[in-house]
Amino acid sequence: MKKLKVKLDSHSYEIHIGSAVLGHVGHRLKEAKLAGRVVIITNPIVKELYGNALKQSLTRDGFEAIILEVPDGEEQKSLETAGRLYHELTGHYAERTTPILALGGGVIGDLTGFVAATYMRGVPLVQIPTTLLAQVDSSIGGKVAVNHGQLKNKIGAFYQPRLVITDIDTLKTLPATEFANGLAEVIKSAVIRDKDFFAYLEKNLDRIKSLDTSLLEETVFRSAKIKTEVVEQDEKDLGLRSILNYGHTIGHAIESTSDFKIEHGEAVAIGMVAAGKISNQMGMLKQNELNRLKCLIEKAGLPTEIPGLKTKRLIQAMEHDKKVLKGKIRFVLAKSIGTVFITDEVTPTVIEQALVD
Ligand SMILES: NC(=O)c1ccc[n+]([C@@H]2O[C@H](COP(=O)([O-])OP(=O)(O)OC[C@H]3O[C@@H](n4cnc5c(N)ncnc54)[C@H](O)[C@@H]3O)[C@@H](O)[C@H]2O)c1
């Protein structure tokens, strides 16, 4: 088992990463001085796989555990579902000290986090992420939110968990496309901060994909560590934290232009290569580094080319993206593998070239 500490002014918390850690959640809660009754929020798929076992193990450790279930799917990140959960929490007499455990992927984590942040002005939140994306990204850093119609994550807060418990064994049941989605974020973390981790991924990706326990643990740990370091320096997303959006400016445009037929991870993968091409055209990221990036993304089973979407529509989508500042599109570009910077100085011609190449 590996441990990370997220050190923040508001409060610090630990992330426990390892194999077979779900059976020890009760012990971890007690260490974090969380006791009594707990509420687990999950969806039917994850409940069946891990929720019931988690409840049993908590009961064995002297907790009274209640499971609240929401249907699977991004559309559940809504005020309506949050409203239903408040109602159920009230019905179960949940109090200000009642810990809420988010057991699931990023959807459950964001929704539960939002509910925990707002129910009775904030109750203790524990993230128990079960997708690769949630383990390396969404469970860390306290961004919690619901969507507002088509607008993603528009209603939300910064609300840090009291604890994150990451069991890499849960990845064994994750569908391959979801695992690949998470790998896109893992590769992103290496590109933005850690060239040695990038080389590690190049060397070990096949074994990571085959879920070798120690390599997977190391991968989740190193990726989560990068997210932690960025969040520690910019908890409220006022500057540095936007480097976590590497590949996302073009990625979001691809997702929305394809009417969300292209998966988030696939879109980010294509976006990372396109941002790499822009970096290369602007005299930074060397050609061999761009080739290595493409190669690693392909090895992860992710696409690198834009699948027949109109360049003009992609650029329009980017202009509507929330990262547009004073009419300029903001990009995270790579100086080299492991070092990125934020700029709004990319000309439309360069963007177009990267999209058509
Ligand atoms: N808060 C943040 O900082 C942050 C960062 C990135 C993404 N997000 C959000 O995360 C969400 C996406 O999260 P996601 O990719 O985890 O998707 P998800 O939560 O929808 O999970 C993907 C699918 O996997 C299933 N699943 C979860 N764990 C499983 C397991 N162990 N075995 C089998 N199936 C399992 C889920 O039921 C779902 O069908 C988006 O809403 C996005 O906005 C938030």
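Trainee: How many cavities of 30 Å³ or more does the structure hold, and what makes a space a cavity?

Mentor: This is a predicted model, and it holds four cavities of 30 Å³ or more. A space is called a cavity because a 1.4 Å probe fits there but cannot get out.

Trainee: Which residues line the largest cavity, and which elements give two or more residues to its lining?

Mentor: The lining consists of Val136, Asp137, Glu185, Lys188, Ser189, Ser223, Ile226, Lys227 and Leu244. Helix H5, helix H6 (176-193) and helix H8 (213-233) each give two or more of the lining residues. By class, the lining of the largest cavity has three nonpolar, two polar and four charged residues.

Trainee: What lines the second largest cavity, and how do its residues divide by class?

Mentor: That cavity holds about 40 Å³ of space. Its lining is formed by Ile168, Asp169, Leu171, Lys172, Leu211, Thr213 and Leu216. Four of these residues are nonpolar, one is polar and two are charged.

Trainee: Why is a space called a pocket rather than a cavity?

Mentor: A pocket is an open set of points, whereas from a cavity the probe cannot get out, so the two terms exclude each other. The second largest pocket has a volume of about 200 Å³. Glu74, Glu75, Lys77, Ser78, Asn147, Gly149, Gln150, Lys152 and Phe260 line this pocket. They divide into one nonpolar, four polar and four charged residues.

Trainee: What makes the pair of Glu74 and Lys152 a salt bridge?

Mentor: The closest N and O atoms of Glu74 and Lys152 are 3.4 Å apart. The cut-off is 4 Å between a side-chain nitrogen of Lys or Arg and a carboxyl oxygen of Asp or Glu, so the pair qualifies. The structure holds 20 salt bridges.

Trainee: Which parts does the pair of Glu74 and Lys152 tie together?

Mentor: Glu74 lies in the loop between strand S4 (64-69) and helix H3 (79-91), while Lys152 lies in strand S8, so the pair links parts that are 78 residues apart in sequence.

Trainee: How many residues surround the ligand, and which element gives the most to the shell?

Mentor: The ligand is surrounded by 26 residues, the closest being Asp72, Glu74, Thr130, Thr131 and Thr173. H2 gives the most, with four residues. By class, the shell has eight nonpolar, nine polar and nine charged residues.

Conventions
Residues numbered from 1 in each chain as written. Predicted model: local features only at pLDDT ≥ 70, side-chain atom pairs only at ≥ 80, totals over all residues. Heavy atoms only, no water. Near = heavy atom within 4 Å. Nonpolar A, V, L, I, M, F, W, Y, C, P; charged D, E, K, R; others polar. 1 Å grid on protein atoms, 1.4 Å probe; cavity = no way out; pocket = protein on both sides within 12 Å on 5 of 7 lines; lining within 4 Å. Points joined across faces, edges and corners; volume = space filled by probe spheres on them.
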